[in-house]
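The sequence and coordinates come next.

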Amino acid sequence: MEQDDFALMDDVKHDREGAFEALVRRYQKRLYRLAFGYLRNHEDSLDAVQEAMVKIYLARGAYRPTAHPFTWAARILANHCIDLLRHRRSRPTESLDAPQGEGEDRAPRHLVSQDEPQQARQERRELGRVLKRAIFSLPANQREIFMLRHFGEMRLEEIASARGCALGTVKSSLHRAAAAIRDYLGACDPPIKYPAREGEAR
Amino acid sequence: MMTPFGCGRARRAMPLRYYSALPAEDGEALDRHLASCPSCASDWEALRHALDAADPGTVFPMEAEVDWDHQARATVMRARTAAAAGAPSTASQPGPWRRPWTTLVPAAARWAVLAAAVLIAVLLVNGWPGRRAAGPDGVPSPSASAGLPSDESVRESAALIENRLARRGATRYLTDSRVLLLNLVQAPARCRKADGEFDITFEKEKSRELLRRKNLHEGNLDTLRDRRLADLVGQLESLLIQVASLGDCASARQIHDLREQIEKRQILLRIDLFTREMQEKTHVV
């Protein structure tokens, strides 16, 4: 059975063997997605996650279980990404709004199933591109909250705690973000085709 | 009784319903409205489709290409190296989406303030140099001066403190450099960007930091007047400059060359001997 996050963080704090690696494995993908929301670049996001995890390890003794460990980790990562963005602004090498590298939106090699029809694959890729544009067109606050909810898999209460704001603020930001994304996708011409999904929506 | 939803209110309630943040009563009213209004029902479907599609697999296709096992191992190794090198923690209790104040004050400045505070405290306890309790005619009274240390002893104790701080600084600098070099030649992380190369981003950054520290403490190291130390620090500096000037990914050949230089000059052994000696002297002092 998978260990509870608080218990795992306690093990990390007490340097129990394998605990930090387990924490890294548990959080790295979710943190990568959050980092991508700030940095918009695959490699930079991977590096940012690694650097944030190093900071988490160095600060493990100061962690207090008043916040969920992922909330704490997400704050450290967000601070780190904001620093990187400030650094980029002071030494610009590329525009923050520039389109991503050619490879960013291509389908992953081992996800390209031979069974999936070519057209469905293209539609899925196109949907990903449009969604990314829609998400990055949101105001910063709304975007961060949307990313935390969808890609950080955080509950609304956790987001409020992480950002130090009221639950109502999170709800209204998410409300606006969701409506904006729906409108963005709805205004696409030709209309977006959604892949068929199993089961009910969340 | 709940008032029925109009189209405008229904549309506003939809995102909250999606995130399960709508009160149950409003949820029922929304369901009733959707059952009777094809236009809102179609809007609700569009919203659900759009938000359902916002999943990591669709938005981050590159995520599936990452070797997460390797990434986790490299992260753990990097964290342990940083901890072994005594890197300062800057993220203990970060404010919400803000930087902690400690990052605003460089580590060197914090050490300088601490050293100055220790020195002032000692001088206050021992008496400020040149200041003496004076008699009514301005001549130091024999009883007062007998109870205070002489100028010479104050100078001696200040020199001792300075010497001890310099030794500690040198020991820490050498230990950190040793950890860095050890990690670089014994367990370099594989580079994600190029096959067969090694990711030395962290080591490069650390080398630069060590070079900055060396420049900062150069005067302190000189106070030790130790030719062996000066020689060792000089050779170490040349190695650190080499590491700092490499690319983010180093080839196996470059790592091999560094290893050869370190072995040839017996840097690790010399640092080990020197730091032990320093530590013993610090304890004796």
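## Cysteines and charged pairs

A search of the whole structure, which is a predicted model, finds zero disulfides over all chains.

Salt bridges, by contrast, are present, and the structure holds 23 of them over all chains.

| Salt bridge | N to O distance |
|---|---|
| D5(A) and R26(A) | 2.4 Å |
| R30(A) and E153(A) | 3.8 Å |
| D31(B) and R17(B) | 2.8 Å |

What does the salt bridge between the side chains of D5(A) and R26(A) tie together? D5(A) lies in helix 1 (residues 5-13) of chain A and R26(A) in helix 2 (residues 19-39) of chain A, so the pair ties together parts that are 21 residues apart in sequence. Both D5(A) and R26(A) are buried.

The salt bridge of R30(A) with E153(A), whose closest N and O atoms are 3.8 Å apart, links distant parts of the chain, since R30(A) sits in helix 2 of chain A while E153(A) belongs to the loop between helix 6 (140-150) and helix 7 (156-163) of chain A, 123 residues apart. R30(A) is buried, with a relative accessible area of 14%, whereas E153(A), at 46% relative accessibility, counts as partly exposed.

In chain B, the side chains of D31(B) and R17(B) meet in a salt bridge. D31(B) lies in helix 2 (residues 24-36) of chain B and R17(B) in helix 1 (residues 7-18) of chain B, so this pair ties together parts that are 14 residues apart in sequence. D31(B) is partly exposed, with a relative accessible area of 37%, and R17(B) is partly exposed as well, with a relative accessible area of 26%. Salt bridges that share partners also join R30(A), R33(A), E153(A) and E63(B) into one network.

## Fold and confidence of chain A

Chain A contains eight helices and zero strands, and its elements run α-α-α-α-α-α-α-α from the N terminus on. Of the 202 residues in chain A, buried residues make up 50%, and the accessible surface of the chain comes to about 10200 Å², of which 48% belongs to carbon and sulfur atoms. Among the contacts in chain A with a separation of 6 or more, 63% are between residues 24 or more positions apart.

In helix 1 of chain A, the residues D5(A), L8(A), M9(A), D11(A) and V12(A) are buried. They cover an arc of only 155° around the axis, which puts them on the same side of helix 1 of chain A. Helix 1 of chain A is followed by D15(A), whose phi is positive, near 55°.

Confidence in the prediction should be read alongside this description. The mean pLDDT of chain A is 80, and 81% of its residues reach 70 or more. Over residues 93-112 of chain A, however, pLDDT stays under 50, and for this stretch the model has 33 contacts beyond four places in sequence.

Note on methods: Residues are numbered from 1 along each chain as its sequence is written. Chains are lettered from A and ligands numbered from 1 in the order in which they are written. Side-chain values use heavy atoms; hydrogens and water are left out. A salt bridge is a side-chain nitrogen of Lys or Arg within 4 Å of a carboxyl oxygen of Asp or Glu. Helices (H or I, at least four residues) and strands (E, at least two) are DSSP runs, numbered from the N terminus. Buried means under 20% relative accessible area, exposed over 50%, partly exposed in between (1.4 Å probe, protein chains only). pLDDT is the predictor's confidence in each residue, from 0 to 100. Contact means heavy atoms within 4.5 Å. Accessible areas come from the Shrake-Rupley method with a 1.4 Å probe; for residues, only the protein chains shown count as cover. The arc is that of the directions from the helix axis to the C-beta atoms. A disulfide is a pair of cysteine sulfur atoms within 2.5 Å.
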